[in-house]
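Have the sequence and the 3D view ready.

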Amino acid sequence: MKLNPLQNDRAAGVLVAMAAGDALGAGYEFGAPLPDSADVTMKGGGPFGFAPAEWTDDTSMAIPIAEALLDSASDAGASSPAALTMVVRAWSSWAAEAKDVGAQTSSVITAARRLAAASGREVQAEDFTAAAADFHARTGRSAGNGSLMRTAPLALAYLDREPSELMTAAGVLSALTHADPDAQEACGLWCVAIRHAVLTGQLDVRAGLPLLSAERASVWLERIDVAERSRPRDFTRNGWVVEAFQGAWSAIHHAGRSAVGPAHLRAALEEAVRGGRDTDTVAAIAGGLLGAAYGYTAVPFEWRQRLHGWPGLRARDLMVLGMELGRAEGLLPLCWPRAERHDYSMWGRTDVLARHPHDDGVWLGGVGSLQRVAKLGIDAVVSLCRLGTRDVPGVAPEDHATFWVVDSAVEGDNAHAAFVLGEAAAAVERYRAEGKTVLLHCVRAESRTPTVAALYGARLSQISPLEALEDVRRVLPSARPNPLFMQVLAEAETITDTAAGGATRAGAQ
Ligand SMILES: [Mg+2]
């Protein structure tokens, strides 16, 4: 489907924010609820010993769904037996090496393999569906949260289809391991909400209710109402799909009372983790919907910098997967973000390079200056323009920060411009605190680079961003931030005394 730039950003955000929530919660899994004042960080650890910023089974099981959906987009459709068989085979491979397969999922995988072995063939989707149905029939309860936690990619494959088709497909995908109607309906409702959020930017968890029977819609409406009157910590049985759903929505709803935009995304995922117990799953569920509403650009750099996990992917890979799924037809190999090289040959001079007027350890430049990274001893790069997959500078992946920001003052071209520009300045600050020499660049260092350089200089020198821009202009005489970025600089506050907790506006000094 043809997406506008903001919808594209939101499609790209679904899997990244989901994985960020998952990795954020990993270090707190099965813990008691935390007080509101507790910091929540990408600390890793937890009962399964994850690395900091490593995602868990939630995202690892979602990735095969995303890949199978892409593969099948052009032919039989998202919930075709062939696509589902691709998914279950990838899950089987993952389960063989995973640290943390959920109990119900693990039991279904084992039983499905046994069914396939008895028939003398490789495992297929129908083996999983049969094993899951048997599990449900034997135990009478198969409503763990394991299908809801991985369902988000499906929504991206249905942006241009009817929500009712998405609801049905979500049930089929759930029933591969979780046949209980509660699990199937939870997946359908959450997927319809994600689809709605990508298309409109609106958070509406009730969007799918009219697709259920009147009786089931009223059951879910009551559950949603309860979630909105509660906090995530009130859902003490969040391993159950219903309470995981309620905990995730409760986190989003509660955090939305005091935060908007990217701040809402962050606050809601922290709130989900503070709710305790199945922290990674509740935050992963919430993350899929929050990423759909606010986009890739709203995910804090601090969270995506080291985000990684099975099967050896990083945040950028999830961003690309989300974009590809959203467009259905896939991405063109010669265009960003798939292209090996991004052609800036028509842009004139791109090799401009100067030292930051307030910090010798920061270089400001155009995209051509990437050639000089090794020679100048630069060990961290902050990119404000698109790069090809082979244009990436020779620094460690976590030392290359990339931001989506278009040099445009047109509304709708940039999501969260002030937030993204501030995040880029914070990335420079972060690398400098680690003692790294930094290159901050866009294409010609005329608008984006001077804007971020001014925000960074203002923080460093405790002057106003507009004063800092004047200093930047002395080293980059052609610096001309566009009117939107000038407005961002004018409105930016400079925190001058954060250590003492006394914030002042630099302009008022
Ligand atoms: Mg998990």
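What follows covers the model, the sheet and the salt bridges.

## About the model

This is a predicted model, in which local features need pLDDT of at least 70 and side-chain atom pairs count only at pLDDT 80 or more, while totals for chains, interfaces and linings use all residues. Residues are numbered from 1 along each chain as its sequence is written, and side-chain values use heavy atoms, with hydrogens and water left out.

## The sheet

Strands of a sheet pair through backbone hydrogen bonds, either parallel or antiparallel. Here, 5 strands form an open sheet with mixed pairing, in the order β3-β4-β7-β5-β6. The edge strands, β3 (353–356) and β6 (400–402), each pair on one side only. From one strand to the next, the twist averages 20°. Two strands pair if DSSP finds at least two bridges between them. Strands (E, at least two residues) and helices (H or I, at least four) are DSSP runs, numbered from the N terminus.

β3 pairs with β4 (residues 359–365) in the antiparallel sense, over 4 bridges. Arg355 stands opposite Trp363 in β4. Helix α15 (residues 417–433) packs on the sheet and touches β4, β5 (380–383), β6 and β7 (438–441). Contact here means heavy atoms within 4.5 Å. The direction of α15 makes about 180° with that of β5. Axes are lines fitted to C-alpha atoms, for helices over the stretch in contact, and angles run from 0 to 180 degrees between N-to-C directions.

## Salt bridges

A salt bridge is a side-chain nitrogen of Lys or Arg within 4 Å of a carboxyl oxygen of Asp or Glu. The count comes to 31 salt bridges. One of them joins Arg216 and Asp182 (2.8 Å, N to O). Arg216 lies in helix α9 (residues 214–228) and Asp182 in helix α8 (residues 181–200), so the pair ties together parts that are 34 residues apart in sequence. Arg216 is partly exposed, at 22% relative accessible area. Asp182 is buried, at 11%. (Buried means under 20%, exposed over 50%, partly exposed in between, with a 1.4 Å probe and protein chains only.)

Arg206 and Asp225 also meet in a salt bridge (3.1 Å, N to O). Arg206 sits in the loop between α8 and α9, and Asp225 in helix α9, 19 residues apart. Glu446 bridges to Arg480, with the closest N and O atoms 3.6 Å apart. Arg480 is exposed, with a relative accessible area of 55%. Finally, a network of salt bridges links Asp36, Arg231, Arg233 and Glu271.
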